[in-house]
Amino acid sequence: MKLATLNDGTRDGQLAVVSRDLKTAHLADGIASTLQKALDDWSFIAPQLDLLYQTINSGRGHRAFEFDPANCMAPLPRSSLRVAGASYLQQIERACKAAGSEAPANLREAPRLYQGASDDFLGAHDAIVLAHEQWGIDYEAGIAAITDDVAMGSTPDQAHLNIKLLMLVNDITLRNLALDEQAGGYGFLQAKPAMACSPVAITPDELGDAWRGGKVHYALRCSLNGKLTGQPHAGADMAFNYPQLLAHLCQTRNARAGSVVSAGGVANKEVKKGFSSIFERRNQEMIADGVASTPYLLFGDVVRLEMLGDDGKSLFGAIEQTVKQAEARKTR
């Protein structure tokens with residue numbers, strides 16, 4: 001299935017089922033009003049959503065309408081839990097090398113996770129609105145899993161069954177603020193503004209054989225101002241898969257329905273596929289040339305992130321965002 005949340009002026013929007021080709025949609029109002037409500041009772045709700053999905057794919061949806069990604073909120077506009085992992089360890093290794101330090105010796109022993117703010121996710125076409133370019137605005141292209149209830153103590157095999165949906169994410173990072181937060185021994189908080197999500201979230205079966213081993217085996221295309229900056233392969237060099245991330249998260253706690261778990265910016269060992277963030281490009285420039293020359297995002301820049309299937313068609317729809325300066329708040 002492919003699911004979206006349409007902006008109806010409420011906090012959680014209106015759940016819709018979207019056709020496989022992303023051309024038409026149908027409100028799921030007779031089944032579940034929001035994605036969170038669907039996830040809360042997934043085993044009962046999902047078959048009804050799937051039946052509607054089959055109906056609109058066959059062209060028989062009596063209330064189907066043209067799907068407009070620009071009218072989408074994040075598939076799950078807010079969540080009780082958002083966790084980000086570092087599954088692409090070559091990204092950490094390159095950052096350490098660029099800084100003239102050694103990567104942690106235990107880097108590959110267990111996943112690294114941090115809990116991020118989850119009360120406000122951006123839609124795929126929402127602007128990146130921030131006050132200062134000097135904060136070091138960066139995009140970070142990745143993939144996130146959305147779960148139903150995951151029990152404490154779940155093994156990776158058990159947690160695998162709890163992955164209900166996948167979506168693309170732009171985990172926007174303010175690199176210069178991140179340095180300050182890390183130096184202070186805390187974070188990330190200010191360095192991680194609202195994360196943006198693809199127009200639709202999809203069930204793993206939509207990927208066919210490209211969903212195997214708890215990984216997505218497609219390239220993630222990243223563009224800046226219309227120029228391709230990277231298309232790293234999401235499955236090639238992923239050290240910890242999504243079931244492993246979930247099992248690690250749930251060693252000491254339950255993760256409730258609607259938990260969002262991302263695996264970090266997609267990165268490959270070889271740099272010829274390009275990069276999923278400016279941070280990675282700058283690290284490679286430091287390693288090769290001794291100086292980072294690529295600037296972080298400027299107001300007016302446009303970031304586009306997308307994943308294409310074997311047929312060359314978009315799987316999740318595209319994240320396409322413009323960086324804009326926040327208006328100064330008026331004082332009384």
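A residue counts as exposed when its relative accessible area is over 50%, and as buried when that area is under 20%. The model described here is predicted.

Start with helix α5, residues 175-183. One face carries the exposed residues Leu179, Asp180 and Ala183. That face is turned away from the buried side of α5. Which residues of α5 are buried? They are Arg175, Leu177, Ala178 and Glu181. These four cover an arc of only 150 degrees around the axis, so they sit on the same side of α5. An α-helix has 3.6 residues a turn, so residues three or four places apart point the same way. What covers the buried residues of α5? The cover includes β8 (137-138), β11 (173-174) and α7 (278-289). Just after α5 comes Gly185, with a positive phi of about 90 degrees.

Now turn to the nonpolar cores. The largest has 66 residues. Within it, Phe67, Leu207, Tyr242 and Met307 touch the most other members. Helix α6 (residues 242-249) gives the largest share of this core, four residues. Both domain 1 (2-70) and domain 2 (76-325) supply at least three residues each. Take Leu207 as an example. Setting aside neighbours within four places in sequence, Leu207 is in contact with Leu166, Ile202, Val216, Tyr218 and Leu315. A second, separate core holds 29 residues, among them Leu39, Trp42, Ile45 and Val260.

Last, the start of the chain. An unreviewed UniProt entry annotates residues 1-78 as "domain: Fumarylacetoacetase N-terminal". Over residues 1-78 the chain is 28% helix and 21% strand. The end C-alpha atoms of this stretch are 20 Å apart.

Note on methods:
Residues are numbered from 1 along each chain as its sequence is written. This is a predicted model: local features need pLDDT of at least 70, side-chain atom pairs count only at pLDDT 80 or more; totals for chains, interfaces and linings use all residues. Side-chain values use heavy atoms; hydrogens and water are left out. Buried means under 20% relative accessible area, exposed over 50%, partly exposed in between (1.4 Å probe, protein chains only). Helices (H or I, at least four residues) and strands (E, at least two) are DSSP runs, numbered from the N terminus. The arc is that of the directions from the helix axis to the C-beta atoms. Contact means heavy atoms within 4.5 Å. UniProt positions are given in the numbering used here, feature names are shortened, and annotations may be inferred rather than shown by experiment. A nonpolar core is a set of buried Ala, Val, Leu, Ile, Met, Phe, Trp, Tyr and Cys residues joined through side-chain atoms within 4.5 Å. Domain bounds come from an automatic or database domain assignment.
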